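Hi everyone, thanks for making the time this morning. Let me put the model up on the screen, and then I'll walk you through a few parts of it.

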Amino acid sequence: MTKKQTIKRKVKEPEPTNEESVSEQSDNEENEDLLQAVKDPGEDTTDDEGIDQEYQSDSSEDLEFESDEEGNYLGRRGNKAEEGKDADDDEGEDEDEDEDEEDDEEDDDSDDDSEDSDANDASATPKDDQPSSSKAADAQTKAEPIIEIIPRDPSKPEYEESDTSDEEDIRNTVGNIPMHWYDEYKHIGYDWDAKKIVKPPKGDQIDDFLRKIEDPNFWRTVKDPLTGQEVLLTDEDIALIKRINSSRIPNPEHNEYAPWIEWFTSEVEKMPIKNVPDHKRSFLPSVSEKKKVSRMVHALKMGWMKTTEEVEREKQQKRGPKFYMLWETDTGREHMRRIHDPVSAPKRDLPGHAESYNPPPEYLFDEKETKEWLKLKDEPHKRKLHFMPQKFKSLRAVPAYSRYLRERFLRCLDLYLCPRAKRVKLNIDAEYLIPKLPSPRDLQPFPTVESLVYRGHTDLVRSVSVEPKGEYLVSGSDDKTVKIWEIATGRCIRTIETNDVVRCVAWCPNAKLSIIAVATGSRLLLINPKVGDKLIIKKTDDLLAESPSQDIIENERIKTAVQWSNADPDEQEKGVRVVITHFKPIRQVTWHGRGDYLATVMPEGANRSALIHQLSKRRSQIPFSKSKGLIQCVLFHPVKPCFFVATQHNIRIYDLVKQELIKKLLTNSKWISGMSIHPKGDNLLVSTYDKKMLWFDLDLSTKPYQTMRLHRNAVRSVAFHLRYPLFASGSDDQAVIVSHGMVYNDLLQNPLIVPLKKLQTHEKRDEFGVLDVNWHPVQPWVFSTGADCTIRLYT
Amino acid sequence: MRRPKKYEAGEATQYISRRAALRKLQLSLNDFRRLCILKGVYPREPKHRRRAQKGSSEIKILYHTKDIRFLLHEPIVWTLRDYKIFAKKSGRDRAIKDFRNLKRRLALFPEIKLDHIVKERYPTFIDALKDLDDCLTLLFLFSTFPSLHLIPREQSNLCRRLTIEFLHYVIASKSLRKVFISIKGYYFQAEIKGQKVTWIVPHYYPFKPQSRQEVDFKVMSIFVEFYTIMLGFTNFRLYHGLNLAYPPQFPSTMLQDNADTLKDETSFVSERICALNFDLLRTDKVQEDEEEPDIDMELLEQDGDSKRIIKMKQEAQEVARLRTLFKGLKFFINREVPREPLVIIIRSFGGKVSWDSSVFSGSTYDESDESITHQIVDRPSLSTQYISRDYIQPQWVFDCVNQRQLLPTNKYFLGEQLPPHLSPFVDAKRDTYIPPEEKALHDPSLIETHAQSEDESDEEETVANEEDDTVEQELLDAQLQRAYQQETAEYKKYGGPDGVNEDEEDSDGEDFNDEDQESSDEEEELDEQTKRLQEERKKMSVQSGKVHKVNKRQLHKAEVDEHRLQARMVKPRHRNLFRKLIREKQTKEKEEWLLRKKRRNIDSDTKEAKKLAKREARKAAAAAAAAASQLGGK
């Protein structure tokens with residue numbers, strides 16, 4: 001900073017010269033005096049000041065004044081002018097000046113009012129002086145004769161360099177700080193009166209450029225960072241800068257090649273200054289040293305002492321590991337403590353053909369494989385090979401494997417960081433896990449091919465049932481019809497229209513009656529199909545025509561749930577004989593083996609959802625007073641007086657005589673869809689919507705004996721054959737799977753279950769496949785109904 | 001009685017987390033790591049992780065409590081602590097510039113002793129041999145290393161010394177069995193005392209600067225620290241087993257770690273190879289006469305000939321043949337060939353080897369030596385060639401060793417397109433894809449027929465395309481017949497112990513007669529294909545009906561369906577396993593299929609190209625002939 005200031009000072013020197021005067025008094029005489037004074041001392045000293053002051057007796061005050069004012073010349077002036085005090089002083093001293101002063105004052109006023117004008121002045125006179133930019137403007141005209149004088153006085157700087165002038169320069173009171181702190185402000189600091197010093201306006205680049213073109217002194221114009229004013233460098237300054245830049249001594253007067261003065265002699269004198277002769281011992285070898293050396297030699301000879309090389313060699317030898325016979329025999333084992341239960345690390349896999357430098361061509365990756373390999377960059381474990389096979393034409397061309405180091409490192413990590421455990425590696429064939437079952441060929445007969453398709457329904461066929469003699473077939477469909485078919489020919493014998501969707505049909509298992517129970521909407525129709533033996537038809541009609549006398553008073557609960565009635569005449573025409581109207585839609589109807597009782601299920605019926613109807617007495621019962629869940633289906637035991645009720649998750653078995661719960665079967669499935677009981681009554685098959693079929697051995701456990709996942713979708717229904725050890729299941733995956741389910745009389749032998757045949761001819765429609773399956777009562781034939789409006793017979 | 005708390009007994013007390021182990025041993029993680037590596041202590045996989053971790057299910061590194069307790073008594077723990085003290089004290093001395101003290105301390109640097117650990121980790125010598133794979137691979141890698149920040153120079157020097165000693169043992173004992181050039185390096189497999197030891201020598205130059213995340217040399221260096229000791233002791237015992245002096249003495253010019261070798265890797269390598277081409281000093285001065293295998297043979301002969309014994313006998317014979325595979329052969333290695341593996345192989349199978357003496361030191365004879373039988377060359381052409389020797393490519397040596405016989409050199413001649421180099425480590429009876437080259441190795445008849453068919457087809461292609469099918473059919477038949485004969489012969493060999501030789505000498509006609517006589521018995525053994533083919537051949541004129549074919553497909557479909565249904569009867573507890581196995585099988589089959597398909601495509605492409613080239617050549621020849629005749633006419 002100090003250096004800067006000095007430069008600044010020097011920079012300022014020419015200013016007064018151009019503007020005639022640094023001192024604002026700008027007396028010509030004074031100036032001359034000053035010039036003289038400065039001239040005289042040449043290179044100034046502070047001492048000279050006194051002389052100066054002596055010279056300038058009249059202006060001394062002013063000078064002091066100035067020195068006091070320091071950098072705030074401009075502002076002070078204006079203030080003074082306003083106050084008029086300054087003016088008084090001036091008047092007192094020089095009347096001549098007064099006029100000028102007054103002018104100045106006016107100017108100054110304007111300056112104060114607006115810095116711009118001042119700035120304009122300054123721009124007009126680029127080398128303007130801070131103290132009197134305005135003055136200069138005035139003075140220019142006046143002091144023209146002096147202009148000639150001033151350029152020739154290089155003594156001005158000397159004057160300026162004096163203490164007073166030094167202080168004079170400091171107009172900005174901010175002190176020694178980085179000036180860029182004021183970059184954002186309009187002012188650049190504060191003067192002595194704590195007034196802001198406003199930054200001179202900055203011309204834009206065009207102005208700069210114009211000045212560069214027009215002003216011949218542009219290149220030597222420098223901006224004073226402290227005041228923001230521009231200063232013009234003198235020739236001396238430039239010379240000085242040049243000398244410094246070229247790293248010469250700044251003072252041009254200094255002579256680098258001055259003659260060398262040898263202050264001390266470099267010659268060695270022949271004669272010593274003191275002339276004492278050497279001592280005798282400097283000629284004779286030392287005895288003590290000789291003794292020492294001889295002792296050392298002896299020590300070396302005896303090996304007590306060693307040379308440094310020997311020591312080094314020994315150390316080297318000592319450093320390396322020593323090997324000896326660690327194991328006495330190949331297999332002999334010395335008992336030592338070892339780590340607990342050691343598990344040796346598995347060896348690395350040995351390379352295959354693909355790793356060869358010249359593999360068979362098929363091992364090289366084609367484009368697709370390469371792409372895939374590169375794609376799995378982030379998951380290298382998923383790659384087929386951990387390296388890319390390559391082929392080289394010659395051994396010489398094989399480069400070092402780039403991942404070799406990394407692989408070795410990973411192996412090291414595995415050795416000490418990978419957890420180890422002894423595991424038995426399962427080395428079995430998948431076939432081994434398939435249970436050994438007899439071949440289906442040995443378990444014939446069973447249906448293998450689709451032989452008939454019964455077409456005629458126009459909507460999905462919900463249910464099918466076969467006549468006990470096995471000649472006719474009844475089916476109920478969503479198109480609100482019940483159709484009776486002749487099995488052998490596939491001919492539809494009769495179509496009975498109902499008022500609602502037919503949910504379930506069930507042919508009475510008693511061969512002496514010809515009744516079909518049809519669940520349509522909330523009505524249960526008992527229909528005489530009028531097919532088969534005429535006598536039986538007649539007998540049935542007779543039986544159903546007369547309603548038995550009601551001697552038992554039915555309670556309210558049943559009355560509100562069920563009403564028995566004879567069919568209307570037009571319905572009578574169709575064959576409907578009795579109508580049992582329920583209070584909720586019926587989902588399922590099932591007969592008891594003897595054909596007197598039938599049970600219906602109404603899932604929405606809450607605690608009255610299962611009903612048992614007695615045909616002979618035209619009476620209904622509600623077996624349960626409490627609902628144990630959403631009842632899905634019910635079933636009569638073929639032999640015993642038992643009643644199976646399937647809720648969503650469980651199956652309950654009730655004794656109808658004792659009226660108590662016998663057993664609860666746990667299915668562990670989400671939703672039961674249907675069930676079927678083995679004709680002997682000890683095994684129950686349950687189908688569920690979660691793709692499973694459960695075989696319960698009722699004597700064995702309440703948990704399934706076997707769970708079969710034969711189907712790929714929800715299983716809709718299952719059915720046991722009455723004679724053959726067969727069962728069938730139908731599922732939403734459009735398949736009917738026929739399985740062999742043999743139950744032995746020997747209680748110790750478990751049932752044998754063998755899936756035999758998958759029959760998949762139904763078409764898919766709206767996520768539904770097969771809805772119901774049923775067996776022919778005599779033949780190993782299975783009927784299935786599907787969502788594709790057909791009934792199919794497999795034989 | 002106090003009610004037992006949870007995790008106070010059972011699996012929870014058997015395992016200890018790493019953190020707890022550190023606390024128990026009072027060691028820093030670095031020291032613990034070093035201790036684990038040196039002592040061979042590794043984390044354990046508990047049976048029930050949750051139980052072992054006292055209820056937390058995050059994955060922790062668990063050690064067996066007994067292992068940690070075992071480490072507690074390890075003397076080197078104290079050495080590790082001494083290191084710490086040493087570092088502290090010497091650091092202090094250095095800081096206060098007490099150099100006298102520092103020097104004294106440096107002389108007392110605590111040495112770590114690992115001898116007892118080697119004995120403890122490998123109680124028998126065989127155990128050490130079993131674990132030699134990783135050791136050798138790592139040491140061979142380290143022996144090529146330059147001076148690195150974390151690896152002391154002495155360590156890599158020691159590695160060099162020990163690996164060369166081991167190679168010398170392999171050469172002297174002729175125990176090398178299999179070699180393989182992989183893209184990663186050269187695989188060597190030796191059989192030492194019945195143990196298969198496999199190691200990899202990397203291709204030059206394996207070292208590359210690695211980032212710390214990629215490779216931590218510090219860890220590897222600790223491993224090497226242990227492995228050098230282990231290999232040293234192993235070498236010692238191996239050398240003594242062969243009556244060789246240990247450590248082996250090499251001429252003073254070899255293997256001196258002077259400034260030159262340290263600076264120049266190539267000069268080091270050449271010295272190392274040169275050291276390999278040098279017979280070791282024997283302590284007993286008796287030339288070894290492979291006594292051991294002979295005794296074995298006698299023993300085997302006494303035992304009679306059950307299947308296994310026969311197999312072992314064959315194996316022993318093969319090995320005996322292998323050990324003298326290159327005996328009497330003189331090799332000369334051209335300078336562009338990587339010499340090290342070749343020198344090891346040739347020398348360990350009894351061959352003599354040399355190289356250009358002007359380029360590398362240690363050569364024993366010159367290129368101009370007339371007794372050289374093979375010159376190994378790895379360049380497309382050579383200006384001066386001697387008639388007396390075979391110019392072969394290096395792969396010949398490797399393939400010879402793997403097939404345990406001297407192969408014909410014609411496929412490996414100078415500038416020849418090499419046949420694929422197959423890995424000797426694959427199981428011949430595996431159920432994955434086997435490339436045709438490998439099949440040909442096991443059944444030499446295949447390779448002949450292959451060649452024949454090629455030749456014939458080449459001839460026939462020009463004649464007519466129609467004949468092709470019939471000829472191929474015939475070839476196929478012949479092949480099948482041959483296979484069948486072999487099968488029956490083998491059957492007889494194992495069925496009747498007396499008729500081993502007779503059956504082999506039986507002529508084809510006789511065989512056929514036998515077959516006719518005992519047709520009822522043997523037809524059952526025939527696989528379906530041969531049967532069908534025979535039938536077809538018998539009545540060539542009869543066309544098989546289409547209906548039959550369809551039926552067959554249906555039958556197959558039915559079978560598949562049936563199988564599928566049965567597969568759904570897998571027990572629920574096995575279902576996942578079953579699915580996994582099936583999936584694995586499927587991927588394997590797919591891979592095999594893919595390789596087969598690729599091979600087929602490649603083969604057909606090459607055949608096509610060959611045909612095209614031939615046609616072109618013929619056309620050109622015809623044109624030339626025409627031109628010549630024209631010229632002649634004129």
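**A walk through chains A and B**

Let's begin with one residue: Ile197(A) sits in strand 2 (residues 196-198) of chain A. When I say helix or strand, I mean DSSP runs numbered from the N terminus, with H or I over at least four residues for helices and E over at least two for strands. Before going on, please keep in mind that this is a predicted model, where local features need pLDDT of at least 70 and side-chain atom pairs count only at pLDDT 80 or more, while totals for chains, interfaces and linings use all residues. Residues are numbered from 1 along each chain as its sequence is written, and chains are lettered from A and ligands numbered from 1 in the order in which they are written.

Back to our residue. Is Ile197(A) buried or exposed? Ile197(A) is buried, because 25 other C-beta atoms lie within 10 Å. The cut-offs here are 20 or more other C-beta atoms within 10 Å of a residue's own for buried, 12 or fewer for exposed, and partly exposed in between, with C-beta atoms placed from the backbone. Leaving aside residues up to four places away in sequence, Ile197(A) touches Asn172(A), His187(A), Ile188(A), Gly189(A), Tyr190(A), Asp191(A) and Thr227(A). Contact, for us, means that the C-beta atoms of two residues, placed from the backbone, lie within 7 Å. Lys186(A) is 11 residues away along the chain from Ile197(A), and their C-alpha atoms are separated by 8.6 Å.

Now let's zoom out to chain A as a whole. Chain A has 23 helices and 33 strands, and 35% of its 795 residues are buried. Of the contacts in chain A with a separation of 6 or more, 53% are between residues 24 or more positions apart.

Two strands pair if DSSP finds at least two bridges between them. One pair to look for is Ser784(A) with its bridge partner Arg792(A) in strand 33 of chain A.

Over to chain B. Its secondary structure comes to 27 helices and nine strands, and 27% of its 634 residues count as buried. For chain B, residues 24 or more positions apart make up 60% of the contacts with a separation of 6 or more.

What do strand 4 and strand 5 of chain B form? They form a hairpin with two residues between them, and Lys193(B) in the turn has a positive phi of about 50°. Strand 4 (residues 185-192) of chain B pairs with strand 5 of chain B in the antiparallel sense over eight bridges, and Phe188(B) stands opposite Trp199(B) in strand 5 of chain B. Six of the eight residues of strand 5 (residues 195-202) of chain B are buried, so this strand is largely enclosed by the rest of the structure.

Last stop: where the chains meet. The contact takes 92 residues from chain B and 66 residues from chain A. On the side of chain B that touches chain A, helix 12 (residues 217-241) of chain B gives the most, with 10 residues. That side of chain B divides into 48 nonpolar, 18 polar and 26 charged residues. In these classes, Ala, Val, Leu, Ile, Met, Phe, Trp, Tyr, Cys and Pro count as nonpolar, Asp, Glu, Lys and Arg as charged, and the others, Gly among them, as polar.

One helix pair across the two chains is worth a look: Arg408(A), Arg411(A) and Leu415(A) in helix 19 of chain A meet Asp134(B), Thr137(B), Leu138(B) and Leu141(B) in helix 10 of chain B. By class, this contact has three nonpolar, one polar and three charged residues.
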